[in-house]
Amino acid sequence: MSRAAYPPPRTIWDGINPIRMIGELSETRYWMYLLLLPSAMLITAVVLYPTVYGMQMSFREMRLNRPDLGTDWVLFKHYARMLADPIFWTSLRNTAVWVTSSIALEFLIGLIAALALNRNLPGTKLLAVLILLPYFLPNVVAGHMWALMLDPRMGVINDLLVKTGLLVGYKAWFADPATAMAAAIIVETWHSFPFFTLLIMAGLKGIPADLYKAADIDGAGALAQLRLITLPMLKTIIAAAVILRVIGLVNSPDLLLILTSGGPGRSTQVLSLYAFQMAYKDFNFGYAGALSVVMFVLLMLFAWAYIRLSKVNQD
Amino acid sequence: MATLSIKGVRKSFGSVEVLKNIDIDLEDGGFLVLLGPSGCGKSTLLSIIAGLESSSGGDIVIGERNVNDVHPKDRNIAMVFQSYALYPTMSVRRNIGFGLEMRKVDPQTRESEVNKAAEMLQIEHLLDRKPGQLSGGQRQRVAMGRAIVRDPDLFLFDEPLSNLDAKLRVEMRTEIKRLHDRLGTTVVYVTHDQIEAMTLGTRVAVMKGGVIQQLAEPQTIYEKPANMFVAGFIGSPTMNFLAGRLERADGGLVLSHGDAALPLTELTQDAGAYVGKQVVAGIRPETLHPGSGGSTLTGTVDVVEPTGPDTMVILNVGGQMLTARVGSRDRPKLGEAMTLSVDTAAINLFDPDSGDRI
């Protein structure tokens with residue numbers, strides 16, 4: 001006679017089935033937060049923490065070459081110093097000139113290039129790639145290349161200008177306070193106008209051809225069509241491109257660092273460069289932090305005001 | 001208002017000739033419909049009339065003026081596009097008044113003209129909205145408003161109802177007809193929809209492969225199609241084609257098809273030259289009636305399609321399929337034999353080789 005087969009004894013683990021638990025959790029409203037958690041943690045680690053750390057640094061004394069001063073909280077000391085710092089004001093003014101001039105030129109040339117390339121004439125596909133080439137170059141490479149081309153002794157541009165009679169003698173473009181900023185803006189424009197070309201071209205492809213036909217019949221000339229149809233329809237793209245470029249230009253000191261290092265004198269000193277030099281030349285991280293916070297706030301204010309003024313949200 | 005003359009217009013894209021020697025004369029206040037399947041060249045012809053496309057030869061004359069080298073804006077035309085082509089960033093008011101704005105019409109006149117057009121189209125309440133906030137039918141009205149506000153010599157419509165649903169299409173069709181009756185402006189209207197062509201046009205040009213197959217009044221096109229293409233393109237269900245040999249019997253003509261013969265007692269065409277030859281008889285489905293009086297056809301019922309007001313019966317007549325439009329209560333059973341009386345006065349005979357009407 002065989003023994004009766006009894007079921008195994010029940011334990012507390014019998015009620016726990018991980019797959020079923022996940023399934024049940026996915027039906028609740030907490031599931032969304034759970035899915036967001038990994039990215040939230042990553043953003044906290046690489047964006048939020050450094051930002052908050054940088055901000056708190058601006059309220060502390062933090063000079064690597066003056067350990068005797070300690071790292072105490074100094075509240076608004078750096079900000080107060082900034083108000084009385086003539087270099088800060090020069091940098092702010094230069095930043096405004098640097099950003100507005102570069103963006104105005106980049107937008108204008110980018111728009112013209114995009115409109116030309118959008119005509120789908122023979123060879124435009126190849127031209128489109130060629131026009132985008134400068135943007136593929138890293139800032140550092142582009143900076144060194146132009147520094148060489150504009151070199152006062154062996155630069156090809158000086159040579160060309162002298163040979164064509166436009167210039168009497170070789171000129172040190174980056175050594176003259178009157179021309180340094182303009183020369184740097186030209187280099188920056190050359191490097192980044194393809195960004196506008198690329199985005200505007202994408203926008204132009206989305207404008208129906210029928211609108212231009214209707215405008216032709218309505219009697220709108222080429223300029224009126226550009227002003228009343230093309231530009232309004234590109235508004236959102238232009239707004240996005242301008243904001244991205246402003247952020248890029250305000251935050252990145254690399255091109256100016258290579259071309260002029262802020263000189264001659266302070267003629268090309270911009271805020272990002274000043275903050276960079278304050279941190280890595282003077283080792284004054286507290287003041288550099290305060291400068292960065294000011295840049296951050298200015299950018300936020302700019303983006304907010306620009307979006308409001310361009311009425312992008314209304315469409 | 002003006003007359004329109006299209007004289008020998010040709011258009012080629014490279015080696016492909018899309019319009020071949022088009023000649024059309026349209027009277028002042030006429031409504032010309034360019035009808036044809038996709039790729040027949042009707043929209044290209046409209047673009048050439050508008051000046052949006054250049055022709056490879058020929059002349060476009062609006063009124064007394066040859067406009068071949070005149071810019072679209074100076075042709076005094078207005079166009080309604082299939083996509084409506086409303087300027088998305090402008091309000092309805094500005095969209096309608098845009099043509100006047102570009103012509104430097106003073107703001108007061110502009111405003112009153114826009115209001116007048118809006119009132120005519122019943123869109124006064126939409127004037128401050130943007131096109132994106134409108135339904136398809138409302139956009140269509142705005143597009144028409146933009147066209148009528150300029151009081152042009154010529155209205156051009158490029159498949160304006162294609163993007164609307166079936167019900168709205170019928171409504172807007174009526175609206176366009178009413179507008180034309182009221183304004184009396186000369187219209188050129190492109191469509192592939194034969195119902196639009198039949199209901200709207202005073203003249204219809206049926207096109208195929210860049211050639212006008214027939215240019216006539218809608219009823220003539222329906223009753224006396226110039227060839228088998230036109231006959232098959234106009235009418236729904238399409239015209240039946242019954243192939244057979246034309247013979248003389250008892251002093252009259254008969255169409256022998258298979259083992260049967262269809263007496264053509266009231267034939268309106270002079271087909272004497274075709275006696276003894278193969279022909280194709282075009283028979284409209286509504287000219288076939290159940291019954292055994294007069295000339296008759298007998299076939300086996302293959303498919304019965306009730307449509308509500310009518311019933312479509314597809315018969316196999318000696319191996320050839322014919323459709324008859326019969327009353328909604330006449331529903332024969334599948335497979336049974338059915339005899340249909342034929343209105344032979346409405347029959348069209350075609351040459352099977354050329355496809356042309358005899």
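**View 1. Chain A and its helices.** Read along its sequence, chain A follows the pattern α-α-α-α-α-α-α-α-α-α-α-α-α-α, with 14 helices and zero strands (DSSP runs numbered from the N terminus: helices are H or I of at least four residues, strands are E of at least two). This is a predicted model, in which local features need pLDDT of at least 70 and side-chain atom pairs count only at pLDDT 80 or more, while totals for chains, interfaces and linings use all residues. Residues are numbered from 1 along each chain as its sequence is written, chains are lettered from A and ligands numbered from 1 in the order in which they are written, and side-chain values use heavy atoms, with hydrogens and water left out.

**View 2. Overall dimensions of chain A.** Along the principal axes, the C-alpha atoms of chain A fill a box of roughly 120 × 75 × 40 Å. Of the 315 residues of chain A, 38% are buried (under 20% relative accessible area; exposed is over 50% and partly exposed in between, with a 1.4 Å probe and protein chains only).

**View 3. The interface of chain B and chain A.** Here 24 residues of chain B are in contact with 16 residues of chain A (heavy atoms within 4.5 Å). The two chains bury about 1600 Å² between them, 67% of it on carbon and sulfur atoms (accessible area, 1.4 Å probe, lost on being put together and summed over both parts). Y87(B), T89(B) and M102(B) supply 29% of the area that chain B buries against chain A, more than any other three residues.

**View 4. The salt bridge between the chains.** The rule finds one salt bridge across this interface (a side-chain nitrogen of Lys or Arg within 4 Å of a carboxyl oxygen of Asp or Glu). It joins D218(A) and R150(B), whose closest N and O atoms are 3.5 Å apart. On the side of chain B that touches chain A, α2(B) gives the most, with four residues.

**View 5. The surroundings of E247(B).** E247(B) is found in strand β11 (residues 240–249) of chain B. Because its relative accessibility is 31%, E247(B) counts as partly exposed. Beyond its neighbours within four places in sequence, the contacts of E247(B) include L253(B), V254(B) and V275(B).
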